[in-house]
Amino acid sequence: MKSLLDKYGPFRGRFLFLLLVSMSTYHLYSAGFGLLPTEIHHAIHLTFALVAVYIAFPFSGRPSWIDWPMAFVAGSVSGYIALFHDVIAQRGAMVQSYEIILGLVMIVVVLEAGRRVAGRVLPCLGILFLVYALWGRYAPGIFMHRGFSLSRVIQQMYLTTEGIYGVAIGVSATYVFVFILFGSFLAAGGGIRLFNDLSMALAGSAPGGPAKVAVLASALLGTISGSSVGNVATTGAMTIPMMKRVGYEGRFAGAVEACASTGGQLMPPIMGAGAFVMTQFLGIPYLEIAKAAIFPALLYYGAVLSNVHLRAKKKDLAGVSSEEIPKLKDVFLRDGHLLIPIVVIIAMLLKNYTPLAAAFWGTVTVVLSASLRSHTRMSLGHILDAMADGAYNALSVAIACGVVGIVVGVATLTALGMTVSVNIMELAGGSLFLTLMVAMAACLVMGMGLPTTANYIVTSTVIAPALMKLGVLPLAAHMFVFYFGIMADITPPVCLASFTAAGIAKSDPLKTGLTATSIGIVAYILPFAFVYDPVFLLRGEAVDFLLAFVTAFLGVLSMASAIQGWAIGHIGTCTRAIFFVSGLVAFYPSVAVRSLGAAIILAVWSIRGIRSLKIETC
């Protein structure tokens, strides 16, 4: 509570603290003992979030009296749906005249809340879609439609589960909130210290150790975090100064942290809650999603670690001094019990328990396991603070999902997804490769500034149908848009994870973003591999997968050598080009061609190794 009192003052701070704790209490109870009817649960979740946002994120950047009436209005128009859901359902969601006013106010307060927590881009996107729904008759070419009345748009957005209270806010109200809350409890119990110390013990003494620590710590935190930017802010404050201290340039240190933090959204078991949403959209078991995601995620982190290691060798950067590195045994003895909740969550998911149940019992286990040692034991004050922090961290996702509900609602109402699909295919002339290139660009644009879950919902609604129309495996299509939507966090010009890391590193934001793009380049190649060869998603025979893993791993190392200009010594432009092209070939959807690429990589490395031995002998 103290941080809220310091930031907002005694009255506003206490009110916000009680509101956030109440929000977490409601969601914990729902996760553990059963949800209310879907529409009511969604409305209660968004009502909590709207009121909290209008109090916590003032209109003018500093607390003002106007925030209180705005919070009351926002809570009232959203709470109306929770209170009168049965009445609305009995009349088939037919719009009453007064509900047009309520619906208009609801749309305005959701968009304004979005501006407060996410900036102007997302609300502007929502407004653009609303304009398209109302005045589609003026839209160009095949995007034209007859247009819908204000009453029909209000009905879609406000009174049904196809708009603001649709699938996007549903994901926030269930999976996202409880997992963010779990992460907050784990952090309060000492989980962040455990991840940092564990990473330091494993990689701190290696060449360029702090960068490897950053990768490992961000990967561990990212598995329970729902935000690339939040991950950067949490771990980057420690890892980026450490990287700079041992000799990494600021832009490279920031880029490494941005890539590592963003990759956490690609790593099972949680994947920024994307795995659970994908399960709903595709109707396939969660374990299938997690199994398909693990191999690409490992390749991605292999690429980041390879770039870090080769950069350290090229710059002759040492690790952290032994005095600063904790012993692995001591880390496990001191804080190893905090891994129990993560094991519980993974075990429950593997046993086909619902994600809600897994997150609930994981959170309970945090409190129980933390109590095993005095230095991690959580008092009632710590528990309440964790509940408030978790709810506060979930606000931006909840509001973003509310705004995304407008986008999805308009896309459903106007069949925009189908229209975009047809246009993408026509623009690409029916070519799968060109369609993928257009889809990649669209996902990178749509993903700018959006949280992981909202990002995936938008891209899968608008872009994925185009790929499936060309015969792409549904899982591959959804993984394609999922990856490129997330890569928007490190891809210029709007790359929030890179910009956040650049702020900590005090480096040029654009240069940091470009460096992050080069370090994480494998993430721009893997989605194409999903589409052309599903073996990368563990679809196929074990022998095919093993061969794909070996060749892809060699390709990752080869491209890292080309980017960093180092392979058992400095390499020139020609050798770098050979390494890069061979690395790309290692992902080609043909066993013979992939094997050829791997053979070239091994041959060049062997030649360089023999030459280096001769030089040393002489």
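This is a predicted model: local features need pLDDT of at least 70, side-chain atom pairs count only at pLDDT 80 or more; totals for chains, interfaces and linings use all residues.
Ile127 is partly exposed, at 43% relative accessible area, on a scale where buried means under 20%, exposed over 50%, and partly exposed in between (1.4 Å probe, protein chains only).

Residues are numbered from 1 along each chain as its sequence is written. Local features need pLDDT of at least 70 and side-chain atom pairs count only at pLDDT 80 or more, while totals for chains, interfaces and linings use all residues; side-chain values use heavy atoms, with hydrogens and water left out.

Turning to charged pairs, the whole structure holds twelve salt bridges, each a side-chain nitrogen of Lys or Arg within 4 Å of a carboxyl oxygen of Asp or Glu. One of them links Glu99 to Arg91 at 2.5 Å, N to O, and Glu99 is buried, with a relative accessible area of 0%. Another pairs Glu112 with Arg116, whose closest N and O atoms are 2.9 Å apart. Both residues belong to helix H6 (residues 97-118), four residues apart, about one turn of the helix. Glu112 is buried at 15%, and Arg116 is buried at 10%.

In helix H15 (residues 286-315), Glu288 and Lys291 are three residues apart, so about one helical turn separates them. Their salt bridge has its closest N and O atoms 3.8 Å apart. Glu288 is partly exposed at 28%, as is Lys291 at 38%. Elsewhere, salt bridges with shared partners connect Arg12, Asp67, Glu112, Arg115 and Arg116 in one network.

Finally, the second largest pocket has a volume of about 280 Å³. Helix H21 (432-446) and helix H27 (522-532) each contribute at least two lining residues, and H27 gives the largest share, five residues. By class, this lining has eleven nonpolar, no polar and no charged residues; among them are Phe433, Met437, Tyr532 and Pro589.

Conventions
On a 1 Å grid over the protein atoms alone, a cavity is a set of points where a 1.4 Å probe fits but cannot get out, and a pocket is an open set with protein on both sides within 12 Å along at least five of seven lines; lining residues have an atom within 4 Å of a point. Grid points are joined across faces, edges and corners, and a volume is the space filled by probe spheres set on the points. Ala, Val, Leu, Ile, Met, Phe, Trp, Tyr, Cys and Pro count as nonpolar, Asp, Glu, Lys and Arg as charged, and the others, Gly among them, as polar.
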